[in-house]
Amino acid sequence: MRILVVGDFLKTSGMTRYIFNVIGRIHKSNFKVDALCISGKDECKKQVEEMNWGFYSVCAANNNLFLHLLQSFIFFKKHAKDYDVIHFNESALWNFLPILFARLFGAKKIVLNSHNTYFASEGSKKVYAVLEVMHRIGKHLVSRVVSKNIAVSEEAAMWMFTSKVINRHEYKIIVNGIELQRFAYNGDRRLKVRNSLKIDEHTFLFGNVGVFNARKNQIRLLEIFNELVKRKLDVKLVLVGDGPMEQEIVAKIHELKLTDKVVMTGSITNTHEYYQAMDGVIMPSLNEGLSTVLLEAQTAGLQFILSQGLPLGNHIGALVHEVPLSESNRVWADVIQNNMNRGKRELCAAEMKEKGFDVELSAKELYETYLEER
């Protein structure tokens, strides 16, 4: 079975973590995977090749839409018939033509996987208005050629699929399964990372993991964190990731005089170890599908404060706390301060397994979807 996986393949992308975690967990002798990177970047090419996957790339749509569509057209004209399944991982369907190209040139089965509840790209209100129209058009056109619909959450399904698909329940939820033992609490790793960061054990360390962009809302995060600092609490913040807004974030840290309170790691490969050093996560994102960070952090037993309305999945109620984005930084800080506690973190991985977030289960469900008839 030959599979083409279409995604952004960016190191800080939750979509990419899903692809590597879940599809990378399928080990079958008849299973051959190629990756089509739609971000135009090769930062994950080495990892893809280490997994013995083929790697192809096209220009990013938000850099040069015409070139992106031309390269996609050429690629699918040449390769669409080569694959038993073409698996499109999407945040929205405003850029629907590549999916239609795949069907036009003979794709045998197309799987559409929804990873978000709004657009991942950034723009003005006018840009979003145009994208929303294109997204609605794309949903209806694509629904005619897609064989299987998958979403990481019910909310992501509602965003991506037509009302007809939703009402008939012609979709499947396959969550962002993770390697639970990798993120389970480990005291030795906690001590190691805290020592490397020069953070005392009594200091309450908050974290945020993800690409630095407007959707992840790290500027607001710093304003909220500053409210905690002004209360003379013994707190620090570690930002794990990088991205287009890095300079604005650095400038905001200096503006708020938080240079001795905030650590920036850049893009790293041992995020699981940094979760051990943290005590909580603050995530005031504007939108998410089902955040992989939310699952990883719960597995590590971390208090998690996030924007109200984001998909929570089958979460651990004692750890997850919602706050409306419309509330003030002071209210956010109140909720955070009231939940600055360290519970029995070593018990959380087992609870997450009971809730169905084991990557082996997600991989099994996805492989079965590949095998299903239309």
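**Entry: a pair of strands.** I looked up Phe304 and found it opposite Val320 in S13. Strand S12 (residues 303-307) and S13 pair in the parallel sense over four bridges. I noted that two strands pair if DSSP finds at least two bridges between them. Helices (H or I, at least four residues) and strands (E, at least two) are DSSP runs, numbered from the N terminus.

Before going on, I wrote down that this is a predicted model, in which local features need pLDDT of at least 70 and side-chain atom pairs count only at pLDDT 80 or more, while totals for chains, interfaces and linings use all residues. Residues are numbered from 1 along each chain as its sequence is written, and side-chain values use heavy atoms, with hydrogens and water left out.

**Entry: the whole sheet.** Which order do the six strands take? I read S10-S9-S8-S11-S12-S13, an open sheet with parallel pairing. Strand S10 (262-266) and strand S13 (320-323) stand at the edges with a single partner strand each, so one side of each has no neighbour in the sheet. On average, neighbouring strands of this sheet are turned by 25 degrees against each other, direction ignored.

**Entry: a helix on the sheet.** Helix H10 (residues 218-230) packs on this sheet and touches strand S8 (204-209), strand S9 (235-240), S10 and strand S11 (280-283). The direction of H10 makes about 165 degrees with that of S9. Angles run from 0 to 180 degrees between N-to-C directions, and axes are lines fitted to C-alpha atoms, for helices over the stretch in contact. Contact means heavy atoms within 4.5 Å.

H10 also packs with helix H11 (residues 246-255), at an angle of about 15 degrees and with the axes 10 Å apart. H10 and H11 are therefore roughly parallel to each other (angles under 35 degrees count as such). Where do they meet? Gln218, Ile219, Leu222 and Glu223 in H10 meet Glu248, Ile249, Lys252 and Ile253 in H11.

**Entry: helix H1.** I moved on to H1 (residues 14-22), whose buried residues are Met15, Thr16, Tyr18, Ile19, Phe20 and Val22. Buried means under 20% relative accessible area, exposed over 50%, partly exposed in between (1.4 Å probe, protein chains only). The buried residues of H1 pack against several elements, including strand S1 (2-7), strand S5 (110-114) and helix H16 (359-371). At the N-terminal end, Ser13 caps H1, with a side-chain oxygen 3.1 Å from the backbone nitrogen of Met15.

**Entry: Ile26.** I found Ile26 in the loop between H1 and strand S2 (32-37). Buried or exposed? Ile26 is buried, with a relative accessible area of 8%. Leaving aside neighbours within four places in sequence, Ile26 is in contact with Phe31, Ala363, Leu366, Tyr367 and Tyr370.

**Entry: strand S5.** S5 is mostly covered, with five of its five residues buried. Ile110, Leu112 and Ser114 lie on one side, Val111 and Asn113 on the other. S4 and S5 pair in the parallel sense over five bridges, and Asn89 stands opposite Asn113 in S5.

**Last entry: Lys148.** Lys148 lies in strand S6 and counts as buried at 17% relative accessibility.

Technical notes:
A polar contact is a pair of N or O atoms within 3.5 Å; within protein, one must be able to donate a hydrogen and the other to accept it, and residues adjacent in sequence count only if both atoms are side-chain atoms. Angles under 35 degrees count as roughly parallel, over 145 as roughly antiparallel, 65 to 115 as roughly perpendicular and the rest as oblique.
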